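Dear colleague,

Please find below the structure I promised to hand over, followed by my notes on what was found in it.

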Amino acid sequence: MSGIQEDLVQFKIMMLRAMPFYGDIMTKLSIVEYPSIPTAATDGLRIMYNADFMKSLDVAERNFVFMHEVFHVLLRHTVRKKERNPKLWNIAADIVVNDMLKHRLEPNMNKAGIPFKAPKSGVFAEVTFSESVETIYDKLVQDNAGRKESDNRVKVRDRYSNYGKSSTHEIISRQDLRPEDIVIKIGDCEPGGDCLSGKYHSASELLDDDKVREILAGLVREATAKDNVGRSATGSYFIPEPVLDITKGKALNWKSILKKYMIQRQSDDSSYATPERKYIHMDLILPGHCEDEETIEEVWAFVDTSGSIATEQLQMFLRQLYVIVKDCGCVLNLAYWDTKVTEVYRGIDRAKDLEHSLPHHSGGTDINCVYEWMVQEKVKPDVLLILTDGYYGYLRDEYRSAKLRKNTIQIINGTPIVTDDILAVGRVTSL
């Protein structure tokens with residue numbers, strides 16, 4: 001066994017102990033040496049590496065490269081490419097993966113004592129949670145309009161976000177982590193064979209997206225079962241939303257959930273807590289009129305302005321929310337927040353008022369500011385909607401209320417990972 005393979009075995013063991021979800025995935029993926037591959041690559045289901053390239057890295061950088069390829073596999077970047085430009089698509093995929101590894105997984109690795117750091121070469125940019133590989137690809141196409149296919153120079157932004165300014169710089173694509181390698185034609189190539197000849201077909205080309213998804217979903221289900229993450233997912237370390245979502249059906253739609261919830265609350269004017277007395281002598285216990293304040297008068301929507309929701313999405317959400325609230329005869333109130341509640345619009349009566357009810361601030365994210373503001377203003381929503389990307393920090397114990405949680409619907413922009421912290425806030429739906 002070579003030194004690289006020994007280090008890989010040790011890496012798998014450390015991952016099984018500290019991060020069993022990823023450790024289990026890595027033990028089931030085929031990770032093998034292929035001399036004809038210049039650096040490291042994946043065809044969507046298998047991971048290949050060049051031993052000489054790996055020897056040029058230290059152990060921490062090797063671990064980063066292995067996880068880089070694992071994330072490409074789990075995020076199905078090869079099959080999601082479809083007919084897009086391979087070079088730009090793979091750079092977009094690298095930007096997404098490297099950002100996840102460097103900013104979200106590396107702190108967990110360091111905490112667990114696992115050697116892990118980014119190599120000096122690679123495509124790195126700041127990425128907000130609302131940016132998918134598809135949206136970054138579209139921006140790369142826009143920034144590189146007119147570029148010749150033979151030109152290895154590619155313009156890349158230093159920041160991909162719907163908010164704020166960013167600058168661009170050029171990279172030579174072969175100096176990064178070999179972006180074109182994630183769609184390499186590998187197929188049934190044997191170790192030591194000529195995998196770059198084009199004579200082989202990649203496994204992901206032989207299998208369609210549904211089949212690849214099915215295979216990966218099976219791996220993820222087994223890994224989550226062993227990691228005991230179950231429905232509340234993840235444990236204490238980062239797992240991308242689409243990875244766990246691959247095992248689930250469609251996310252709950254916020255509009256249908258809100259309508260159902262409001263109709264049930266509005267119509268629930270009877271309860272067994274106050275049985276109908278006139279039937280008791282007949283040994284019949286029927287629900288009587290409920291005196292509880294179950295009617296909904298005010299709906300509060302708090303919108304996260306940290307950069308996770310595009311203006312078009314927000315406008316569509318507000319129009320749809322306005323119609324639902326008005327159909328139920330309720331008052332709509334709207335507020336925006338990042339690390340504090342910045343703008344408040346009470347009693348929106350007309351649809352055209354929505355045009356003047358948009359945010360003008362953006363910053364960090366701290367969900368506690370919403371609850372702190374409600375306490376200060378003595379606001380007690382009959383229904384509380386929180387539109388966010390789901391990455392808003394830890395809700396302090398002082399704001400954890402079973403009654404408020406029951407009346408709260410979270411609307412997540414993107415595919416949410418339903419952790420215990422998120423469930424502590426309220427029901428989870430998708431935008």
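**The pairing of α1 and α2**

Leu8, Phe11, Lys12, Met15, Leu16, Arg17 and Ala18 of α1 are in contact (heavy atoms within 4.5 Å) with Pro20, Tyr22, Gly23, Asp24, Met26 and Thr27 of α2. By class, this contact of α1 with α2 comprises eight nonpolar, two polar and three charged residues, where Ala, Val, Leu, Ile, Met, Phe, Trp, Tyr, Cys and Pro count as nonpolar, Asp, Glu, Lys and Arg as charged, and the others, Gly among them, as polar.

Before going further, please note that this is a predicted model, in which local features need pLDDT of at least 70 and side-chain atom pairs count only at pLDDT 80 or more, whereas totals for chains, interfaces and linings use all residues. Residues are numbered from 1 along each chain as its sequence is written, and side-chain values use heavy atoms, with hydrogens and water left out.

Helix α1 (residues 3–18) and helix α2 (residues 20–28) pack at an angle of about 140°, with their axes 6 Å apart; the axes are lines fitted to C-alpha atoms, for helices over the stretch in contact, and angles run from 0 to 180 degrees between N-to-C directions. That angle makes α1 oblique to α2, given that angles under 35 degrees count as roughly parallel, over 145 as roughly antiparallel, 65 to 115 as roughly perpendicular and the rest as oblique. The crossing of α1 and α2 is left-handed, meaning that the near helix is turned anticlockwise from the far one by less than a right angle, while clockwise would be right-handed.

**The pairing of α6 and α7**

Helix α6 (residues 86–112) and helix α7 (residues 133–143) pack at about 130°, with their axes 8 Å apart, and are therefore oblique to each other. Their crossing is right-handed. The contact involves residues of α6 including Trp89, Ile91 and Val96, and residues of α7 including Glu134, Tyr137 and Leu140; it divides into twelve nonpolar, no polar and one charged residue.

**Helix α12 and the whole protein**

Helix α12 (residues 311–327) has 17 residues and should span 24 Å at 1.5 Å a residue, which agrees with the 25 Å between its end C-alpha atoms, the expected span being 1.5 Å times one less than the number of residues. In α12, Leu314, Phe317, Leu318, Leu321, Tyr322, Ile324 and Val325 are buried, that is, under 20% relative accessible area, with exposed being over 50% and partly exposed in between (1.4 Å probe, protein chains only).

The protein has 15 helices and 15 strands, which are DSSP runs (H or I, at least four residues, for helices; E, at least two, for strands) numbered from the N terminus. Buried residues make up 50% of its 431 residues.

Best wishes
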